[in-house]
Amino acid sequence: MHSETAKLIDTHCHLTDNRLSRDLEGVLERARDAGVVAIISATADVADSIKASQLAEKYKQIYCTAGVHPHESGKVSKDYLNRLEELIKNPRCVAIGEIGLDYHYDFSPHDAQQRVFAEQLTLARRYGKPVVIHTREAFDDTLAIISESGISGEQIIFHSFTGGQEQARRVLQIGAYISFSGILTFKNADAIRSTAVLVPDDKILIETDAPYLSPEPIRKMKVNEPANITYIAEFLARIRKIGVKQVAEQTTVNALKIFSLDIDMREDVSSEYG
Ligand SMILES: [Zn+2]
């Protein structure tokens, strides 16, 4: 039915957020119509991870992560790691995240953020799971903790990347992936755009981070949702001077690989990338 539509994967959004969950059927239908073949619902704490795993059990196009966001890391229970461990055994849980450091909001003390980040990296390493990183005004410490954990950079995704070329270079140097959100389309995002042009084809991902970060031109008008990944793909195609279909193929192949998604894309993705 949508054979002419590029097949896209929203590698990061929050379907458990009330702004999306209250009309989930509609959100999923619009995503399907936009060519979105898989959605990864990212999580912020243990309770949220349980909710996301329930969605991933129910809908075949939804996958989830499990993890404690830096904002929540000051509030973790003593057994939070055991509870995450139970969740990541579920094959529908395809990554640990979003985890990392946020020194901008500072909602949790730095030492708690660093400890909880490091512990979850160790868990990811033990289970061979990829990791979705949130980092804000904490780039050096984030890279240092990743490095200390011994996890392979190939397992790391820097989500909603807002760094410039120098940070991108350091991320790529460890073999990590870079995921771009609607921020790419914002007027003041020239530095991010200059980065997005340089990321190699095999390291680039796209995401909506919905319900946050509605892309231009609907930024001020609507709550963001996975269907809007098309705006990001189209924008990326324009600045990388390639076709939208090519952006879709590259980012989808990368998402299938890093998250080990069990969808058969052979008919949908050109053999060049198969
Ligand atoms: Zn997020």
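Me: Which element gives the most to the lining of the largest pocket?

Reply: Rolling a probe the size of a water molecule over the atoms shows where empty space is left. A pocket is an open set of points on a 1 Å grid over the protein atoms alone, where a 1.4 Å probe fits, with protein on both sides within 12 Å along at least five of seven lines; lining residues have an atom within 4 Å of a point. Here S5 gives the most, with 4 residues; strands are DSSP runs of E, at least two residues, and helices of H or I, at least four, numbered from the N terminus. The model is predicted: local features need pLDDT of at least 70 and side-chain atom pairs 80 or more, whereas totals for chains, interfaces and linings use all residues. Residues are numbered from 1 along each chain as its sequence is written, and side-chain values use heavy atoms, without hydrogens or water.

Me: Which residues lie nearest the centre of the largest pocket?

Reply: Of its 35 lining residues, these are Glu98, His134, Arg136, His159 and Asp209.

Me: Which protein donors does the zinc ion have?

Reply: Donors are N, O and S atoms within 2.8 Å of the metal (3.2 Å for Na, K and Ca); water is not among the atoms, so sites may look incomplete. For zinc they are His12 (NE2), His14 (NE2), Glu98 (OE) and Asp209 (OD), at 2.1 to 2.4 Å. His14 and Asp209 link distant parts of the chain, 195 residues apart.

Me: Are His14 and Asp209 buried or exposed?

Reply: Both His14 and Asp209 are buried (under 20% relative accessible area, with a 1.4 Å probe and protein chains only).

Conventions. Buried < 20%, exposed > 50% of the residue type's maximum accessible area, 1.4 Å probe, protein only.
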